[in-house]
Every structure is written in structure tokens, then in C-alpha cells.
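Hello,

Here is the structure I promised to pass on. Please open it first; my notes follow below.

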Amino acid sequence: VVPHPRPGSEKTLKTLLREYEKANGDALERMPIVGHPTLVIENEHIYQMTHNPEWGGEIAAQTARQMDDYLAKYGLIASQQATIADLRRPENVHMRTSDYTMEMLESFKECSKHADVVCIESTGGKEVFDYALLRQDIGGILFGIGYLGCLDMEWMWNQIVAICKENKCIAGGDTNCSEANTAMFMAGGMTSKDVPHVIAALARSIAAARTLVAYECGATGPGKDCAYENPIIKAMTGVPITTEGKVSACAHSDLASNLIAAVCDIWSNEAVEYHDMFGATTTSVFAEILGYDCAMFNSAIELGYQKEMKEILINSDIFRDSHSLIVAPDNAWEIGNAIVANTAKGYYPRARAGAMKAGSIILAEPRMKLTALRKKPYRRR
Amino acid sequence: MKDMEALPEDEGNFVDMCLKKYKKDVKGFNPDSYGLK
């Protein structure tokens, strides 16, 4: 579960510590009540937690202490992921030498002393990507995500992995949230026509070639939840992945909510702001929902119905959107193969090969549900 | 697909082409941020 603090609670370290204590504590408390045996809590940094590295460190230490208490009291097996915020805006700062960069690296050092896993949503190449996306310039998208993003990740992840080794922490993974998810969200639902869904799907396949860099540098997973490219990552590397779908509707909408669960190792909700609901607070409610999904997935395996469960999840969404189509496991495998087969040629050739494979898969599929809606003419607003 | 097929095969040629284009077109793009000239 991924709790987010309420606006205003970030004003001081004291108020933010209290907010996380309650939000994480409520989620932990709900697990023994409903009999869920395990929980992963992701503390996804808000700006202040990375900008003040000691804040992120203290919140990570507090969360670790809470988890120790629940292990001692109820035998609950819990783990903590800290996701450091990428404070850099590529168009405004030098990506390697800015003060923000130093704060991020310091945050990795502080949080990896207490968290079990650290991750990041890195933003390299976003300045070029944003320009290219608005112009449907696939060359620019390849350059932004598939080349610049890879160079930035290689530079960043070699340092993250070294820090994690020093502090005996797991170097989890990265996500192309800042680019491929931007494209996916701008493409939107079936009635949206601001960005073509196929461009967003191609951006996703390029993102897989980019996010792979973390694992090439020594990250071991679990991959970051909002990396919708993770099924392709899993096909290429075999690392455990976190995914998010229907339970992340509290944070955003997507068209692959069941399908994306088909190959998950950890099931997530992206982000839920801490508030009251009828059933309790949001963090306890969403942790319970996630836990029941996991119980269903695990029961499918125990009963020998894992293939049937996988097919139900995939077939509920596969023709809903080109994005869903390309991250379906068989297609993810094909795209992953294209990327891996071209890795020796460089970052750009492998990203292009992945995108070409994704494009050929989309072109060859006549059953897309989106097609009829997209045939309607665009109207001037 | 045609747009992708038309792009250079070679990474060096592609990067040269992109640096020339996006250094001019994208406000704030600094190749040095990525170890590029």
C-alpha cells in the first residue's frame, strides 16, 4: 500500500512524522484484523522528504520501528520501500551536478539505512520527450526516453546500487512514470483524443528498453509499481515486479487494470491520500483490498488454477487499448526479445527495435475495442 | 511505423541528428546533463 500525506502535514518534520505514523500504522493494524499475513508499505517521497534528506531518513526509521512492533505483536511480515523523489527538472537544472541531484543521492544514503527496498521515478530526457509528445514526433520520443533516459539512468543507478550495497538494502527499480505514464494519461480513456493511444503504447515499449538499465546496473527488483512497462521487464530479466491496476483507481485511471495483475509479484495501489472513509481510514481500507486480491491470486496458484486466473485477467482487458495489448504477457515477451536481441547495438537501436515490434503487434490485431470509437471524427472545441 | 523505419539505423547518426534538432528546438535541453557535447 502507498499512503500519501495530506496537504499541510508537510509543514514540519514533526507533523509529517505524525501523519506517516498514523497512515502506516492504520494499514499495519488492519492486516492482523482481517488475517492478511504480509504487507509492503511504500513511502513515496513528497518533495520535502527528499529536499531534506534527514526527513526521509527519519520517516523510514519510524516506519521500520512500527513494522518491528507488528512483527513482535502479531507475527506480521512487513517490508518498507522508500521511493526517492526525482527533484530535477531537466530543462531547469544540470542533471548531474545540481543541488537537487546531491539531495537525491543523500536521500538514498539516509533511507537505505532503514528501508528494505529503495526505488526512484527518474526523469532523464523528459524535456525532449514533452516537446516530442505534443508533436507526435516518434524520433524525439525515442531520443528522450530511449537514449537520454538511458544515459541518465546508467549514471544514477550505478551510484544507487553502490549505496545500497553499503547499507545492505535492496536496490529495487525505476519507472518511466514521468514520460510513458504522461503519454498514457494524456491518451486517456476511450473517448479522449488529445494524444493517440498508439503513440502512448509505443512510448511504453521504448520505456521498457529504458527501465531495463536499472537492472543492468545491478538493481534486483521488486520493480516500481507505476512502471506499466514492468511485464516487459519481467520477460527480459525475470526480476520480481510490482504492478498496479484497479486498486490504483484512487490515484488515476487506466485501461489495463486487470491485465496488469496477470504477472505481478507485488500488487499495489499507486497512491492514496490519508483520509477517513466509512470503512476506516484510506490506508487501512486500501491495504485490505490489496490483501484480498493477493489472497485470490495465491489461492488460484494453490488450487492449480493459475493459468485460468491469468487468462481471465488478460482477456478482460487485452483488446481494450493498444497499451493493454502490448503489455499482455505473450506480447511483452516478444517486445522484450526484440529489445534484448538489439542490446549489443546500443540504447537507441534496442529501444527502436522494441517500438517496431510493438507497432507490428498493434497493426496485426484487428480486435481492438477502441477502434470503433476512434473512427468517430474529431470535433473542434 | 514509416516514421520509425525512416530513422537512422546507426546510433551515432541518430544522436547527431537529434542533438542538432533538439538543441535548437527544445528550450532548456542541455546535452552536458547527459555527458554529451
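One caution before the findings: this is a predicted model.

I began with the lining of the largest pocket. Its residues split into 23 nonpolar, 11 polar and seven charged. In total, 41 residues line this pocket. Those nearest its centre are A:Asp265, A:Ile266, A:Trp267, A:Cys294 and A:Phe297. The space inside comes to about 770 Å³.

Which elements of chain A give two or more residues to this lining? Three are strands: E2 (38-44), E3 (77-84) and E7 (266-268). Two are helices: H10 (282-302) and H11 (306-315). H10(A) gives the most, with nine residues.

Next, the cysteines. How many disulfides are there over all chains? The count is zero. A disulfide needs two cysteine sulfur atoms within 2.5 Å.

Take A:Cys119. The closest cysteine sulfur to its own is in A:Cys164, 9.0 Å away. Is A:Cys119 buried or exposed? A:Cys119 is buried, with a relative accessible area of 0%.

A:Cys294 is in no disulfide either. For this residue, the nearest cysteine sulfur belongs to A:Cys264, at 6.4 Å. A:Cys294 is partly exposed, and its relative accessible area is 26%.

When you look at the model, I would start with the pocket and then turn to the cysteines.

Best wishes

Definitions and conventions. Residues numbered from 1 in each chain as written. Chains lettered and ligands numbered in written order. Predicted model: local features only at pLDDT ≥ 70, side-chain atom pairs only at ≥ 80, totals over all residues. Heavy atoms only, no water. 1 Å grid on protein atoms, 1.4 Å probe; cavity = no way out; pocket = protein on both sides within 12 Å on 5 of 7 lines; lining within 4 Å. Points joined across faces, edges and corners; volume = space filled by probe spheres on them. Helix = DSSP H or I, 4+ residues; strand = E, 2+ residues; numbered from the N terminus. Nonpolar A, V, L, I, M, F, W, Y, C, P; charged D, E, K, R; others polar. Buried < 20%, exposed > 50% of the residue type's maximum accessible area, 1.4 Å probe, protein only.
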